[in-house]
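Here is a short briefing for a first look. Keep the sequence and the model side by side while reading.

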Amino acid sequence: MVRTGSSGESGSPGEARGAAAAGTAGVDRVAGVAGTAGAVDAFLRRFAREGFSGVLRADGGPGGALWIRNGLVVAATTPAAPGPESLLLRSGRVSEQDWTEAYAVGAPAGRLAEELAGRGAIGPAGLEAVCLAATFDAVFAMALYGVESCRVEPAGADDRLPLLPVLPGIEAERLLRETARRMTLVTAWRRLGLSTRIRPVPVAAPVPTLLGSDRIRRAVLERANGRRTPRDLAFVLGKGLFAVMSEISRMAEEGVLDLGGPGQAGGPAPEPETAGRVPDDPSGLPRRRPGTSRINEVLAAAGGGPITSRPLLALRSLPPQWAEETGPAGGSGPVAG
C-alpha cells in the first residue's frame, strides 16, 4: 500500500461504514451537471464530514470510480486517463518482469506496493508520487469529460481496495482545489481549439535535445500522428492526461503542433484513395481488381506480350527448421507451440 503524509482518519472503519450507510440511505443515484464535477464535489465533501467508506461511481463519458476510506480518497480510476499500472509500465519506471513477479506474489495478498518496493523495482517515494498523480489525474479526467450522475456504494465487510491505494488517503478539499485549478485552464485550452477529441500533428520534425524538461514534448511530437487523441497519447507515453494536454497547449501556442489535423471530428484519419481498390473481403485482407496495374499493356507495347499464368512448382526441400515444424515430407503436421 502507498502511504502519504496526509492525516484525517477518524473512527474505526466499522463506525465510518455505519455512519455512511445511514447517511446515504435512500440516496442511490444523484444527477450531476454534465461537463462538471458538481455531483462529485458534493459527495466528496459529504463523505469527508461523515467519515464514509465505500465507492463513488461516476457515470458519464466514460465515467469512473473513487474509493473512499474514512472520508479520504484513496484511489480513483477512469478509462479516460492512465492508472498507476500504465504510468509505471509505459513510462519505463518499472519493467514488465519486475511488475509480473511482484504482481504474482503481492496482488493476492494486497501487498503489490510492498513487493515492488521490496524488489527494488521502484522506491517508496517514487511509487507514492505516481499513485498520487494517477488519482489527481483521474478526478480531473472525469470532470473534463463530464459526470452525468453518481452512485454510492457503501463498503462491505469483504470489499477490497484497488491494488495501489494511497493511504491513509487524500483530503477531499485538497483534491477538489487542484481539480478546480486544472479546470480553469480548460477554458484557455478551448480558445486554442484544444479538446479531448482533437488529433494533433506536428508542424515540423522534433529537434533532438538532452534537456529533461523537453522529454515529454519530444515524446508527444514523435507520437502525434493525426490519429491519436490526447487520451491516446497519454496511454502510449505513460503520462497523465493533464500533463499531456498541458504540453499540447504550449506547443499549439508556439505553432509547433497543429490541432486541426486529420480526424479532428473524432474519427480516425482518413486513408488516401487507392486506384483499383475494392471493399475488403470477409477475411479482412484487401483485394484488387485484375488488370488494375496495366502490366499486360506495358509488356505488349514493349513487344513482350501478356503474362500467362502457370502453376507453381512444389518445393523440393525445406530448411531444417521448417521441415521440423511442417512434419515429414513437407506435410502439414502440427507445429510445436
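Helices here are DSSP runs of H or I with at least four residues, numbered from the N terminus. By that scheme, Thr 179 lies in helix α7. The model is predicted.

**Helix α10**

- Helix α10 covers residues 241-253, which makes 13 residues.
- Of its 13 residues, 10 are buried, so α10 is largely enclosed by the rest of the structure.
- Among the buried ones are Leu 241, Phe 242, Val 244 and Met 245.
- What covers the buried residues of α10? The cover includes the helices α6 (124-145), α7 (172-192), α8 (215-223) and α9 (230-237), along with strand β9 (257-258).
- Just after the helix, Gly 255 takes a positive phi of about 80°.

**Nonpolar cores**

- The largest nonpolar core has 41 residues.
- Leu 44, Leu 56, Leu 66, Leu 88 and Leu 116 touch the most other members of this core.
- Helix α6 supplies the largest share of the core, with 9 residues.
- Take Leu 116 as an example: beyond residues up to four places away in sequence, its contacts include Leu 88, Val 94, Trp 99 and Ile 122.
- Asp 98 is also one of the residues that Leu 116 touches.
- Another core, of 26 residues, lies apart from the largest one.
- Its members include Ala 81 and Leu 221, as well as Leu 241 and Met 245.

- Is Thr 179 buried or exposed? Thr 179 has a relative accessible area of 5%, under the 20% cut-off, so it counts as buried.
- Leaving out residues up to four places away in sequence, Thr 179 touches Val 139, Phe 140 and Ala 143.
- Arg 182 forms a salt bridge with Asp 137, and their closest N and O atoms are 3.9 Å apart.
- Arg 182 lies in α7 and Asp 137 in α6, so this pair ties together parts that are 45 residues apart in sequence.
- Both partners are buried: Arg 182 has a relative accessible area of 13%, and Asp 137 has 4% relative accessibility.

**Other salt bridges**

- How many salt bridges does a search of the whole structure find? The search finds 16.
- Side chains of opposite charge can pair when their charged atoms come close.
- Arg 46 pairs with Glu 50, with 3.2 Å between the closest N and O atoms.
- Arg 46 and Glu 50 are 4 residues apart in helix α2 (residues 38-50), so about one helical turn separates them.
- Arg 46 counts as buried at 19% relative accessibility, whereas Glu 50 counts as partly exposed at 24%.
- Arg 223 forms a salt bridge with Glu 222, where the closest N and O atoms are 3.5 Å apart.
- Arg 223 is partly exposed at 30% relative accessibility, and Glu 222 is partly exposed at 43%.
- Salt bridges that share partners join Arg 57, Asp 59, Arg 151 and Glu 153 into one network.

Technical notes. Residues numbered from 1 in each chain as written. Predicted model: local features only at pLDDT ≥ 70, side-chain atom pairs only at ≥ 80, totals over all residues. Heavy atoms only, no water. Helix = DSSP H or I, 4+ residues; strand = E, 2+ residues; numbered from the N terminus. Expected span 1.5 Å × (residues − 1). Buried < 20%, exposed > 50% of the residue type's maximum accessible area, 1.4 Å probe, protein only. Contact = heavy atoms within 4.5 Å. Salt bridge = Lys/Arg side-chain N within 4 Å of Asp/Glu carboxyl O. Core = buried A, V, L, I, M, F, W, Y, C linked by side-chain atoms within 4.5 Å.
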